[in-house]
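Here are some notes to read alongside the model. Have the sequence and the 3D view open as you go.

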Amino acid sequence: MSADQPVTVEVGLGDRTYDILIGSGLLSRAGAEISRRLPGTRAAVITDANVASAHLDALKASLETGGIQPAVITLPPGEKTKSFAHLEEVVDGVLAARLERGDIVIAFGGGVIGDLAGFAAGIVRRGMNFVQIPTSLLAQVDSSVGGKTGINSARGKNLVGVFHQPKLVLADTGVLDTLPIREFRAGYAELAKYGLIDRPEFFAWLEENWGQVFAGGPERAQAIAEACRAKADVVARDEFETGDRALLNLGHTFGHALEAATQYDGTRLVHGEGVAIGMALAYRFSSRLNLASPDDAARVEAHLRAVGLPWRMADIPGALPGAEALLAFITQDKKVSRGALTFILTRGIGQAVIAKDVPASEVLSFLKENHPSQQESRLGQQKMRPK
């Protein structure tokens with residue numbers, strides 16, 4: 001795939017329909033693609049220090065060639081940037097640049113930057129134009145598509161935000177070559193998620209081809225495009241997550257609780273790793289509730305291990321709070337409705353379901369059984385048994 005022949009995936013939302021362009025070399029034509037759709041506009045580029053050092057000069061040159069003079073706001077990298085303090089910094093920077101409502105906020109980074117910049121675009125001047133240029137695998141296959149934006153609270157992840165759709169998404173697969181392997185693996189968890197929700201053939205394809213996806217051949221772009229089609233289909237049916245868009249949260253309720261429990265410390269756990277562990281837990285919990293076979297859970301865990309992703313709470317460095325505290329984070333999660341616990345569970349590979357009114361007592365028992373302290377206790381008991 002070349003920059004001359006990107007794959008286009010359409011997100012069909014009536015008069016707010018937009019394109020996702022996927023291909024290598026798209027960064028060099030970002031200015032042309034944006035100015036063709038939004039002529040005569042100015043832009044603020046929101047990025048982080050890591051992305052800026054690797055790719056900002058190329059983006060600025062492309063924008064200037066397209067007649068767009070960008071104001072750049074550079075933030076620290078990491079999940080902790082999704083905060084009220086940095087939201088205020090971005091809002092103030094956009095206003096200081098004297099950008100108008102018809103101008104553009106460009107999110108140039110991973111999921112953190114996309115969520116934060118999108119939220120700022122949704123609230124500054126009651127809604128500005130917004131373009132996503134995702135630079136991580138996780139952002140290209142998931143967070144840049146669908147218009148969910150927001151920041152974290154000390155009480156939980158993504159609890160403050162708005163739905164604000166972009167005008168365009170440019171997913172340059174070439175920039176992924178500079179992504180640290182840990183971040184690439186974290187994004188791969190979201191790729192696998194789409195197969196586990198309702199595309200079992202895609203999950204089987206990933207089991208066979210994940211090595212080529214990591215290596216960066218045509219399989220990488222093929223996988224990203226398939227994930228974007230899967231998400232675009234769901235978003236077109238259920239933009240505001242009042243129905244089956246909730247299925248996209250497979251693994252996220254457990255994963256978000258683990259992120260909050262580690263205080264969003266990216267040295268211990270990044271979002272995609274939380275999703276990986278969360279998906280394994282969701283499959284194991286589904287098996288415990290007799291919804292799915294234990295063989296399905298074992299298959300998911302085996303694939304996560306094969307690609308180098310964590311798959312159990314014990315894989316998180318450092319101590320975790322107890323099961324009761326983890327349950328408290330879960331009950332604060334936004335997938336809770338009127339106090340009832342809602343989980344995305346499964347009846348098998350590619351058969352995710354929305355499970356409402358899940359008993360908190362069942363969740364607590366499951367968390368206790370799978371907590372690292374319980375596993376260490378069982379291991380110690382096994383060592384003490386006489387041979």
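1. Let's start with lysine 231: its relative accessibility is 6%, so it counts as buried (under 20% relative accessible area; over 50% is exposed and in between is partly exposed, with a 1.4 Å probe and protein chains only). Lysine 231 sits in helix α8. Leaving out residues up to four places away in sequence, lysine 231 touches Asp142, Ser143, Val145, Tyr194, Arg245 and Leu248, where contact means heavy atoms within 4.5 Å.

2. A word on the ground rules. This is a predicted model, in which local features need pLDDT of at least 70 and side-chain atom pairs count only at pLDDT 80 or more, while totals for chains, interfaces and linings use all residues. Residues are numbered from 1 along each chain as its sequence is written, and side-chain values use heavy atoms, with hydrogens and water left out.

3. Next, the helix itself. Helices (H or I, at least four residues) and strands (E, at least two) are DSSP runs, numbered from the N terminus.

4. What do the buried residues of α8 pack against? Their partners are β1 (7–11), β2 (18–23), α5 (137–143), α6 (181–198) and α7 (200–215). Among the buried residues of α8 are Arg220, Ala223, Ile224, Cys228 and Val235.

5. Now take α6 with α8. Their axes (lines fitted to C-alpha atoms over the stretch in contact) are 9 Å apart, and the packing angle is about 55 degrees, on a scale from 0 to 180 degrees between N-to-C directions. On the α6 side, Phe184, Leu191 and Tyr194 meet Arg220, Ala223, Ile224, Ala227, Ala230 and Lys231 of α8. This contact has seven nonpolar residues, no polar ones and two charged; Ala, Val, Leu, Ile, Met, Phe, Trp, Tyr, Cys and Pro count as nonpolar, Asp, Glu, Lys and Arg as charged, and the others, Gly among them, as polar.

6. Finally, α7 with α8. Here the axes come within 8 Å and cross at roughly 135 degrees, so α7 and α8 are oblique to each other. Residues of α7 in this contact include Phe202, Trp205 and Leu206, and those of α8 include Glu219, Arg220 and Ala223. The contact divides into seven nonpolar, three polar and three charged residues.

Note on methods:
Angles under 35 degrees count as roughly parallel, over 145 as roughly antiparallel, 65 to 115 as roughly perpendicular and the rest as oblique.
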